[in-house]
Amino acid sequence: MENWEKRTVLMPAAPLGLCADKMADVMATALAAIEQREGERRGWGKPARLFTVHLADLDSRSIELRVVPARLWGAQVRNPADAIAHTARRLPAVPPAVKHRAYADAPMAGIAAMFEGWGRPADREPTEHEKRSNAQGRRVNHLAPDRIEARLVYAVDINQEEFYVRRRRGHRPQVLSTAQHDQTTVGTGLVPLGLGRIAHALRDGYPVF
């Protein structure tokens, strides 16, 4: 991890105020800044990235990212969600209860994946073809005439809180977390489940990559 590419992103002057827990709110704020700096400013059409997130303390003015080399998680040959799931499948399951731990006392604050993808409008039900394809594990959103292009940042911190930043092309980002005031459920798919296992393993010093 020490030899991976390192990038620094400045924290915004004001926190998002999304989460009641200050530590989780710092992470949500950090991820929104990461999407803006490493995603929106660098433009579209970028490859998927997986990185660990490091915060020296809750008042830190910067975030350090350590980019996991693509060869270590199969990003060159697999869809990002499949690559994350493949990496995580050999790792121990996350226990039902995880002891709360400060970011500063752990090897990292969390792990995040940034990638681009296609979705369908939220107000449209999936077609029968889409339902069958999804059930068979085939991805067909990119074929829909009303498809929506979006950049996604999924993250799980060392306490198993989930975070999600989604930006439709040409729109402002949406930030969600399981730690926010209304206890939003972020996701139960391959990406959050896989990142949860990876985050827990790295927190405990388990060799992942």
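Predicted model: local features only at pLDDT ≥ 70, side-chain atom pairs only at ≥ 80, totals over all residues.
Residues are numbered from 1 along each chain as its sequence is written, and side-chain values use heavy atoms, with hydrogens and water left out.

Next, the aromatic pairs. Rings of Phe, Tyr and Trp (its six-membered ring) pair if their centres lie within 6.5 Å; planes under 30 degrees apart are stacked, over 60 edge-to-face, and the rest tilted. The count is 3 aromatic pairs. Trp-4 and Phe-209 make an edge-to-face pair, 5.6 Å centre to centre with 75° between the planes. Trp-4 lies in the segment before β1 (5-10) and Phe-209 in the segment after α5 (190-203), so this pair ties together parts 205 residues apart in sequence. Helices (H or I, at least four residues) and strands (E, at least two) are DSSP runs, numbered from the N terminus.

Are these two residues buried or exposed? Buried means under 20% relative accessible area, exposed over 50%, and partly exposed in between (1.4 Å probe, protein chains only). Trp-4 is buried at 13%, and Phe-209 is partly exposed at 29%.

Tyr-154 and Tyr-164 form a tilted pair, 4.8 Å centre to centre and 40° between the planes. Tyr-154 is in strand β5 (residues 148-157) and Tyr-164 in strand β6 (residues 162-168), 10 residues apart. Tyr-154 is buried at 15% relative accessibility, as is Tyr-164 at 12%. Together with Phe-115, these two tyrosines form one aromatic cluster.

Now the strands, where pairing requires that DSSP finds at least two bridges between them. Strand β4 (residues 110-119) has 7 of its 10 residues buried. β4 runs antiparallel to β2 (residues 49-54), joined by 5 bridges, and Phe-51 stands opposite Ala-112 in β4. With β5, β4 pairs in the antiparallel sense over 10 bridges; Phe-115 has Leu-152 in β5 as its bridge partner.

Last, helix α1 (residues 22-40). Its 19 residues should span 27 Å, and the end C-alpha atoms are 26 Å apart, which agrees; the expected span is 1.5 Å times one less than the number of residues. Of those 19 residues, 15 are buried.
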